[in-house]
Amino acid sequence: SKNVAGVVTFEVKIKPENIENSKLMYGLSTNLTIVTQETKNVLRIPLEAIYEENGAQYVEVLKDDKSIQKVEVKTGASDYDFVEIKSGLKEGDIVVIPKE
């Protein structure tokens, strides 16, 4: 592995099963995503909606009367964009995302 400007890269060599009909060319490079976990039919929200206080995770939810309520959540799997919500929210809740 190499670490260049904070990005870790790994060199991987592959060999197609059928080399004669392969569309691979010399010097070809690619980006590869390795899926380590998959979840289906879960509630998810944007990662930037969650903040931490005193070791707990919270989101702000817009209520029907236009007030904002701080709600503790339990999270699960995440990627670079979204995080699974295991408890604290229900489908249809409107989560407030802070401006940057």
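Author: A residue is called buried when its relative accessible area is under 20%, and exposed when that value is over 50%. The model discussed here is predicted. Because its relative accessibility is 62%, Phe10 counts as exposed. Phe10 lies in the loop between β2 (7-9) and β3 (43-46). Together with Val8, Val12, Ile14, Leu24, Met25 and Leu28, Phe10 makes a nonpolar surface patch of about 790 Å².

In soluble globular proteins, nonpolar side chains tend to be buried together. The largest nonpolar core of this model has 11 residues, namely Ile45, Ala49, Ile50, Val59, Val61, Val71, Val73, Val83, Ile85, Leu89 and Val95. Two or more of these core residues come from each of β5 (56-62), β6 (68-78) and β7 (82-87).

These strands are also linked by pairing. β5 and β6 run antiparallel to each other and are joined over 6 bridges; Val61, for example, has Gln69 in β6 as its bridge partner. The two strands form a hairpin with 5 residues between them, and Lys66 in the turn has a positive phi of about 70°. β6 pairs with β7 as well, again in the antiparallel sense, over 3 bridges. Here Ser78 stands opposite Val83 in β7, and the hairpin formed by β6 and β7 has 3 residues between the strands.

Apart from neighbours within four places in sequence, Val71 is in contact with Gln57, Tyr58, Val59, Val61, Gly88 and Leu89.

Note on methods:
Residues are numbered from 1 along each chain as its sequence is written. This is a predicted model: local features need pLDDT of at least 70, side-chain atom pairs count only at pLDDT 80 or more; totals for chains, interfaces and linings use all residues. Side-chain values use heavy atoms; hydrogens and water are left out. A nonpolar core is a set of buried Ala, Val, Leu, Ile, Met, Phe, Trp, Tyr and Cys residues joined through side-chain atoms within 4.5 Å. Buried means under 20% relative accessible area, exposed over 50%, partly exposed in between (1.4 Å probe, protein chains only). Helices (H or I, at least four residues) and strands (E, at least two) are DSSP runs, numbered from the N terminus. Contact means heavy atoms within 4.5 Å. Two strands pair if DSSP finds at least two bridges between them. Patches are made of residues with over 30% relative accessible area and no salt bridge: like charges are joined within 9 Å, nonpolar side chains (Val, Leu, Ile, Met, Phe, Trp, Tyr) within 5 Å. Accessible areas come from the Shrake-Rupley method with a 1.4 Å probe; for residues, only the protein chains shown count as cover. A salt bridge is a side-chain nitrogen of Lys or Arg within 4 Å of a carboxyl oxygen of Asp or Glu.
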